[in-house]
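Here are some notes for a first look at this model. Please read them with the structure open.

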Amino acid sequence: MTPEIYPVILCGGSGTRLWPLSRKSYPKQFAKLMGERSLFQETVLRLSGQGFAAPLIVTGDPFRFIVTEQMAAVERDPAGILIEPEARNTAPAVLAAALWVAERAPDALMLIAPSDHVMGDPEGFRATVAEAAPKAAEGEIVLFGIAPTRPETGYGYLELEGSGKGKGPQPLARFVEKPDAANAEKMISAGNCLWNAGLFLFSAKAIIAAFEEHASGLVGPARAAVDDAQADLGFARLAAEPWDKLEDISIDYAIMEKSERLFAMPYTGNWSDLGGWQAVWQETGPDTNGTVCTGEATAIDCTDTLLRSEAGGTQLVGIGLDDIVAVAMPDAVLVARKSEAQRVKEAVEALKAKGAAQAVQSARDHRPWGWFESLVIGSRFQVKRIVVNPGAALSLQSHVHRSEHWIVVEGTARVTIDDEVKLVPENQSVYIPLGAVHRMENPGKVPMVLIEVQTGSYFGEDDIVRYEDVYSRT
C-alpha cells in the first residue's frame, strides 16, 4: 500500500502583488478572494480525505491564530503548526517539515503545497496526487506541473524528457526560468513543457537525503531548530538561534535544480497562483464585456475591467473604463491599467518610503480573540469597531495614556473593571477610566460587536500593560 500523505501547507508571504487587499499583516491566502472561503481554507479542504493525514502548517508568528481560526471554521484540525522565527524561504521550511514528519512517520509521503493557489477541480487534483504517489513511495522526488494553456511569461517551466505524451510521472529534463514571449511560444509548441506549480511529493526520508547531498549546510541548523522547538498553546515554535543560521533560499535552488533524477506529474485541471490582479480578473470569470464586479461595484460601459469594493458601504462605480483595475478598501484605493497591475509592488514601496501604514498593515487588525478596525482618528480621540469571537477574551490590561467608552451593539459583553465584573447587553455602554485594570469577554455563542471610543493623548497599541492573557502574550 502507498503510505499516508502528509500535506505540508506553506503559509507565509508578504502579499504585495494583490495590494491593497493583500498586505504583509494579512496576506492573500487568508482573504476571501474567490468566494466564501479563503485560499488557505480551500487548500486545506483540497488536501483532505482518503489517503491524506491531517495537514502540517508552516507559518509565521503573526498568522498562527488566523491559521487555527480559519481551520476551525472549515472543521479541520492540523497535525501540527510550525512557527518560523523568521521567514527563510521554502528550502528551510520544507526541511523543517520533513524532519518533523520523519520523527513521527518515517515512511510517510509529504505533499508540499503553497496556501494561496486556486484549483477548480479538487477531486481531480487528489486523483493526480494518488497517481504520482507510487513513484514517490519508491524514493523519487515528484514535481507537479500544470498543462499550459497559453505562452505565459510569468511562470517557470518544467521540460520533460521525450514528447511529454506519456502517462503518470515522467522524467524531468530541466528547469526553465521565466522565459520571454518568443521562448514561451516555442515551449508551448514543443508540447513537452509544463508550468512549474511549486507543488512537490516525496517521502520524508528522500527529501532529507537530498538535503544532505545538495544542501548539507542547512541540515544541522534545521535539525537543531526542530529538536529544540518549544510547545506554545498547541504550536511548535522552531528554535530561533539555529534558525537564524539558515540561508534564505528556495527549494528549487537548494535541491531541485541540483538533483539528477526528478519526475514531473502533469496536472490538466484549472490552476492559478493568483499572482496579480489580472489573474484575479481572469479566474473570477469576466462577463461578455470582459468586466468583473465584486462587492458594491457597478460598471457602466466598461470593458476588460475589474472593479472590486471591499469597503463596506462604499459604492465603487466605473464609467467608460477599458483595461482598468480599481480596488477600494476602507483605507486605500488602487487604480491601474490591468496590463500594468504587476507594478503594484512599486506602489507598496512608494508608500513604505512615505511611512504610510497602509503599505503593510491591513485596515483590520486580526487578533487571537477576533479583530478590530479604526473608524475615526482625531488628535485627542479614536473610534474603533471591535469584534470578539464567541467564548474569546481580551487580556486583563490597563492603559497609561487613554480612557475608553464601550458601546455594545451586537451580543453581550462580560466586562471586568478593577474588582467589578458585570454583563453589558446590547445597546448598553460602560466607561473604563484611565489606569483601570479591565478586560472584555464574549460569553455568548455569536460574535460580540462593540464600538470603542478612546480619549486621551496617545492611542498606540503599545500603550497596553497586560496582567493576564489566555494567549500567552504577557
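1. Strand 16 (residues 305–309) pairs with strand 18 (residues 324–328) in the parallel sense, over four bridges. Strands are DSSP runs of E, at least two residues long, and helices are runs of H or I, at least four long, both numbered from the N terminus. Two strands pair if DSSP finds at least two bridges between them. Leucine 307 stands opposite alanine 326 in strand 18.

2. The model is predicted: local features need pLDDT of at least 70, side-chain atom pairs count only at pLDDT 80 or more, and totals for chains, interfaces and linings use all residues. Residues are numbered from 1 along each chain as its sequence is written, and side-chain values use heavy atoms, leaving out hydrogens and water.

3. What is the order of the open sheet of four strands? The order is 14-16-18-19, with mixed pairing. Strand 14 (291–295) and strand 19 (333–337) are the edge strands, each pairing on one side only. From one strand to the next, the twist averages 5°. Axes here are lines fitted to C-alpha atoms, for helices over the stretch in contact, with angles from 0 to 180 degrees between N-to-C directions.

4. Helix 10 (residues 277–284) packs on this sheet. Helix 10 touches strand 14, strand 16, strand 18 and strand 19, where contact means heavy atoms within 4.5 Å. The direction of helix 10 makes about 95° with that of strand 16.

5. Strand 15 (residues 297–300) pairs with strand 17 in the parallel sense, again over four bridges. Threonine 298 stands opposite valine 317 in strand 17.
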